[in-house]
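Subject: Handing over a structure, with notes on what was found

Dear colleague,

I am passing the structure below on to you, and my notes follow it. Please read them with the sequence and the structure open beside you.

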Amino acid sequence: MSTESSSTVARVLKPTILILIAIVAISSRLFSIIRFESVIHEFDPWFNYRTTQHLVKNGFYDFWNWFDEKSWYPLGRVVGGTVYPGIMVTSALIHNVLHFFNFPVDIRNVCVFLAPMFSGLTAFSAYLLTKELKDSSAGLLAAAFLGVAPGYISRSVAGSYDNEGIAIFLLVFTFYLWIKAVKTGSAFFGLLTALFYFYMVSAWGGYVFITNLVPLHAFTLLLMGRYSNRLYVSYSTFYAVGTLLSMQIPFVGFQPTRTSEHMAALGVFGLLQLYAFAELVRGYIPPKQFRTLLKGGVAAVAVIASFGLTILSFSGVIAPFTGRFYSLYDTGYAKIHIPIIASVSEHQPTAWTSFFFDLQMLIFLFPAGVYLCFKELKDEHVFIILYSVFASYFAGVMVRLMLTLTPVVCVSAAIAYSTLLDTYLETSEHVLASTKPVIVAAPPAPAVIEAPTAATSEAKAAGKKAAAKAAAAAAAAAAKSTDADAKAQAKSAVASGEKKRFPIFNLDSRLLVILQLTWFLFMFAWHCTYVTSGSYSSPSIVLASRQHDGSQMIIDDFREAYYWLRKNTKEDAKVMSWWDYGYQMAGMANVTTLVDNNTWNNTHIATVGKAMSTSEEVSYKVLRQHDVDYVLILFGGVIGYSGDDINKFLWMIRIAEGVYPNEVKETNFFTPRGEYKVDHDATKTMRESLMYKMSYYRFAELYGGGNAVDHVRNARMPAEGPTLSVLEEAYTTENWLVRIYKVKDLDNLGRDLKDSTAFDKGRVRKVSSLKKK
Amino acid sequence: MGRLRIGRARLFFTVVLMALFTLLITTTTTTSAQTTADIIAKKVSKLQAKATKTKGIIELDSLAFDDALAKPRNYSMVVLFTAISPEFQCVPCKNFDPEYRLVAAGWSRIPDKSQIFFGILDFKSGQSVFQKFNMNSAPSLLYFPASDSPEASPSFDRYDFGKSGFQAESFASWINARSGLKIDVQRPFDFVAFSLNIMGFAGTLGLAHFLYTRGGKVIRSKYLWAAISLFSIFIFISGHMWNQIRHPPYSMPSRDGRPGFIAPGFQNQFGLETQIVAITYAVLCGGAISLMSSIPRIESPSKQRLAVIIWMGIITVMYSVLILFFRAKNPSYPFRLLF
């Protein structure tokens with residue numbers, strides 16, 4: 001009776017809780033909107049936003065064939081073929097559907113709110129996934145954890161319109177479908193897995209994680225001797241359909257048949273076919289002959305496969321690992337070979353503090369959940385274990401991959417946490433019924449007492465033995481009446497022959513544990529709110545700082561500069577800047593850029609680095625060759641913004657040196673004592689570099705020529721600042737954060753620009769220089 | 001007539017004298033030109049002779065260094081500043097030495113052996129040069145390009161060990177990029193490593209075979225795999241990969257009240273620090289596991305209560321320690337549990 005009503009309550013409660021979780025997940029991502037405004041954040045989102053606008057305006061086919069001549073000038077970029085279109089198509093679809101129903105929502109708002117909306121869906125898929133592993137209460141916990149875990153929020157706040165925003169949902173949901181497929185062995189779920197895998201491929205480069213984890217799971221199951229038709233059907237469906245679909249994305253193309261990242265999936269597919277074939281043959285051939293056949297077959301296949309692979313990879317048909325991926329395995333690789341990868345802060349390894357910062361309490365409940373998976377160890381638990389170990393490794397190597405670790409941490413911590421709650425909340429009748437139906441040694445359970453009353457009279461006659469039997473039967477009946485999960489638990493407990501379990505006898509120990517755990521949950525919630533509001537909600541194009549009197553100051557220099565460019569330059573103006581700002585400039589200022597965050601052409605980036613780090617004369621040639629009209633730099637020395645170009649300068653130099661080793665030399669920028677200095681001690685090369693000159697041009701005037709202090713590097717600058725002759729200052733924003741320079745035209749009289757500038761300033765030229773001419 | 005003769009003789013004399021003079025002038029100029037080329041040629045042949053004797057390496061001291069680098073010279077020079085003697089305890093010097101010699105050995109394979117030379121200057125024999133170049137750490141590797149004009153300022157390139165590493169191959173490509181030569185590195189076939197590899201491979205195979213046939217139980221034991229998985233997870237989530245990549249010191253002597261095992265800065269850590277964190281995680285996780293699987297196995301209510309209190313105490317204290325630890329790294333973190 002009680003179970004019936006409680007199940008109705010649960011039926012109502014579960015959706016309510018899930019909806020509440022989704023609301024919490026969405027609203028905790030809205031800090032930046034409330035504080036600032038509905039604006040696209042950071043760098044990459046600006047490109048996604050720009051392409052989405054293009055897609056909405058010009059339609060899908062035009063988007064697919066779009067050649068963007070406004071970036072990577074003069075090379076341009078084939079956008080349709082170099083982009084993961086999933087996120088743009090998703091928001092365009094949402095936009096069009098809303099407009100179809102006459103909701104006039106601006107595409108920008110769709111983009112801004114896309115990631116928070118999908119975080120609600122992610123929480124729901126975490127619920128589904130965990131439900132497959134344990135039960136729905138653990139599922140609810142997992143949904144709640146994943147909804148607010150900072151490790152996921154970091155990439156999905158409102159305005160952070162990036163691939164990861166929808167990709168994490170797809171990741172979790174694809175894994176859920178895969179587990180469902182393996183469990184049921186249905187081709188339908190295998191197909192669904194493939195479809196969502198395709199969606200994932202279209203959305204994020206991290207799909208490689210799925211392509212390797214799923215085959216690994218299948219392979220491990222094979223090794224464990226758990227081959228089944230379910231596995232065969234689900235994997236074959238998934239691989240065949242998923243791979244064919246994934247090849248429809250132009251950016252992926254034929255990679256699934258060529259690159260080593262995809263080889264594991266192909267190999268496991270082949271292995272499964274062979275295994276299935278062997279199983280088939282086994283049915284028709286006597287065992288002894290089968291064994292010899294098997295041995296011969298295995299040897300032949302191994303030899304052929306290794307031979308073929310070697311030939312293929314040496315002949316170049318199979319490409320080696322791509323740089324970004326390779327740097328995951330050989331941790332020293334990127335540092336030496338690809339400075340552009342090493343320069344990105346997302347690609348740095350993860351310190352322990354980041355793990356704790358992003359996951360707090362979950363981080364130590366997570367291994368406990370993995371342990372519980374080992375105890376159960378059904379097919380789906382094997383998957384979670386593999387996922388845990390590998391995601392932990394990858395998250396340790398690269399900060400960015402914390403994102404793939406977070407879902408499994410939430411799922412497995414939820415399993416651990418809900419097991420704890422189960423143990424300490426279970427009512428005695430439940431525990432007794434489920435744990436000791438056969439061994440009736442302890443005092444009988446209340447549920448049991450009712451039933452045997454009828455049996456007692458019978459028992460008197462039949463003796464003690466029968467009474468025990470009846471009691472056992474009644475207990476079994478009671479066990480049946482409790483919910484299915486408990487039954488499964490009891491079954492597995494009995495089946496694995498575990499030691500007997502007792503309830504928690506004392507109320508105080510129950511209370512102690514439950515209250516303490518609840519307190520931990522509160523702390524977790526506070527932590528998540530604190531981290532989200534403090535660290536992950538800054539749009540980074542609008543900055544906020546506190547003034548001395550405690551009032552907030554909004555620093556909006558970036559948009560100021562971009563709008564200046566938009567309004568004051570001719571339409572096809574080419575603006576050079578370091579690649580970090582390429583997407584923002586294209587998106588906000590609508591100008592042509594030389595390099596941007598796509599970083600596909602290292603040489604072009606190095607050329608920009610060279611222009612920044614060489615002297616005016618050398619640099620001017622580069623600028624002219626690339627038709628540059630304006631140069632944009634970031635300078636934080638006035639307000640102490642540490643992410644400015646002088647601090648990034650070393651990377652520009654390094655990247656430039658990689659391509660132009662004879663023209664740019666890193667060592668020349670260091671003082672003899674090996675320091676990176678910008679003040680009086682700065683080296684000659686440093687002082688003559690274009691970047692230095694642009695940054696500190698007229699900087700001393702700001703301080704009346706006296707104590708000019710660079711607040712980022714705490715350096716006292718010389719009173720006599722650098723002079724510029726090939727550039728002229730075009731615009732400097734309110735807080736000096738962005739400075740824009742116009743590249744001068746060639747001199748009308750054919751003079752050197754240096755001379756003409758000197759002449760304009762009315763300086764008397766040296767006689768010697770006149771004589772020479 | 002006689003006068004005339006005299007005059008003739010005089011004329012003859014002057015002509016001869018002039019001829020002699022011009023001859024003299026021309027010879028002196030040619031000899032001076034020859035001497036510069038001679039000096040260079042002599043230097044080159046001397047260096048070549050030295051280098052061929054010792055597999056491409058020229059051991060330098062202060063005098064020899066100045067001599068070899070004196071201008072003009074038409075060859076470039078690579079000099080390794082090192083401190084190989086045991087009293088300096090320079091481990092990287094020792095590690096790099098064989099790699100350097102490997103590249104220098106590649107010198108003997110290039111066709112034109114007069115363009116570049118490889119020198120080694122040990123601190124013991126070349127202190128004054130070390131001082132002249134303001135060198136206070138070893139090994140340092142400088143490349144001096146060829147320079148014909150004597151008045152050109154001493155320009156050189158410094159090889160960045162931090163960026164390019166200690167490998168002979170990367171060093172060789174660095175040299176090649178600057179000199180335009182093609183010096184290749186041929187590692188001698190390492191029989192010891194090869195046989196070790198073979199033995200290791202055979203050993204692994206044998207072990208695998210043994211485990212497969214006899215130790216099937218061991219390899220199929222889920223407890224073994226659980227231990228391996230949990231261990232690696234603990235290691236990874238406590239920042240071990242960061243240590244692998246960044247090579248931080250294990251710990252530092254404590255300074256101004258800051259304990260020596262905590263590295264300053266949020267994105268920085270010491271080896272010992274991560275181990276402490278890993279152990280903390282392990283204890284906390286162990287507490288959670290025993291709360292859910294060991295405690296329900298205790299039959300006596302009072303013992304069970306005691307165990308619950310003990311484990312809950314451990315968890316609470318360790319969690320507080322963890323948060324305290326985190327606050328030491330991030331002083332603005334506002335939360336605390338016990339302390």
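How many residues of chain B are in contact with how many residues of chain A? Before the answer, please keep in mind that this is a predicted model. In it, 54 residues of chain B are in contact with 49 residues of chain A. On the side of chain B that touches chain A, the elements that give two or more residues are strand E5 (157–158), helix H6 (168–179), helix H9 (222–237), helix H10 (240–246), H11 and H12 of chain B. By class, the residues of that side of chain B divide into 28 nonpolar, 17 polar and nine charged.

As for confidence, chain A has a mean pLDDT of 83, and 85% of its residues reach 70 or more. Residues 429–488 of chain A, however, have a pLDDT below 50, although this stretch has 61 contacts in the model beyond near neighbours in sequence. Over residues 767–773 of chain A the pLDDT also stays under 50, and for these residues the model has one contact beyond four places in sequence.

Turning to domains, the assignment divides chain A into domain 1 (162–320) and domain 2 (555–772), and the centres of these two domains of chain A, taken over C-alpha atoms, are separated by 52 Å. For chain B the assignment gives domain 1 (47–179) and domain 2 (221–329), with 49 Å between the centres of domain 1 of chain B and domain 2 of chain B, again taken over C-alpha atoms.

Some helix pairs may also interest you, and I begin with two in chain B. Helix H11 (residues 271–294) of chain B packs against helix H12 (residues 301–329) of chain B at an angle of about 150°, with their axes 9 Å apart. Because angles over 145 degrees count as roughly antiparallel, H11(B) is roughly antiparallel to H12(B), and H11(B) passes H12(B) in a left-handed crossing. On the H11(B) side the residues that meet H12(B) are Thr280(B), Val283(B), Leu284(B), Gly287(B), Ser290(B) and Leu291(B), while H12(B) brings Trp311(B), Ile314(B), Ile315(B), Met318(B), Tyr319(B), Val321(B) and Leu322(B). By class, this contact of H11(B) with H12(B) has ten nonpolar, three polar and no charged residues.

In the second pair, helix H3 (residues 91–107) of chain B and H6(B) pack at an angle of about 45°, with their axes 9 Å apart, and H3(B) and H6(B) are therefore oblique to each other. Their crossing is right-handed, and the contact is made by Glu99(B), Leu102(B), Val103(B) and Gly106(B) of H3(B) together with Ala168(B), Phe171(B), Ala172(B) and Ile175(B) of H6(B). The classes in the contact of H3(B) with H6(B) are six nonpolar, one polar and one charged.

In chain A, the axes of helix H5 (residues 86–100) and helix H6 (residues 107–133) come within 9 Å and cross at roughly 125°, so that H5(A) and H6(A) are oblique to each other. H5(A) passes H6(A) in a right-handed crossing, where Thr90(A), Ser91(A), Ile94(A) and His95(A) of H5(A) make the contact with Ile107(A), Val110(A), Cys111(A) and Leu114(A) of H6(A). Counted by class, the contact of H5(A) with H6(A) has five nonpolar, three polar and no charged residues.

With kind regards

How values were computed: Residues are numbered from 1 along each chain as its sequence is written. Chains are lettered from A and ligands numbered from 1 in the order in which they are written. This is a predicted model: local features need pLDDT of at least 70, side-chain atom pairs count only at pLDDT 80 or more; totals for chains, interfaces and linings use all residues. Domain bounds come from an automatic or database domain assignment. pLDDT is the predictor's confidence in each residue, from 0 to 100. Two residues are in contact if their C-beta atoms, placed from the backbone, lie within 7 Å. Axes are lines fitted to C-alpha atoms, for helices over the stretch in contact, and angles run from 0 to 180 degrees between N-to-C directions. Helices (H or I, at least four residues) and strands (E, at least two) are DSSP runs, numbered from the N terminus. Angles under 35 degrees count as roughly parallel, over 145 as roughly antiparallel, 65 to 115 as roughly perpendicular and the rest as oblique. A crossing is left-handed if the near helix is turned anticlockwise from the far one by less than a right angle, and right-handed if clockwise. Ala, Val, Leu, Ile, Met, Phe, Trp, Tyr, Cys and Pro count as nonpolar, Asp, Glu, Lys and Arg as charged, and the others, Gly among them, as polar.
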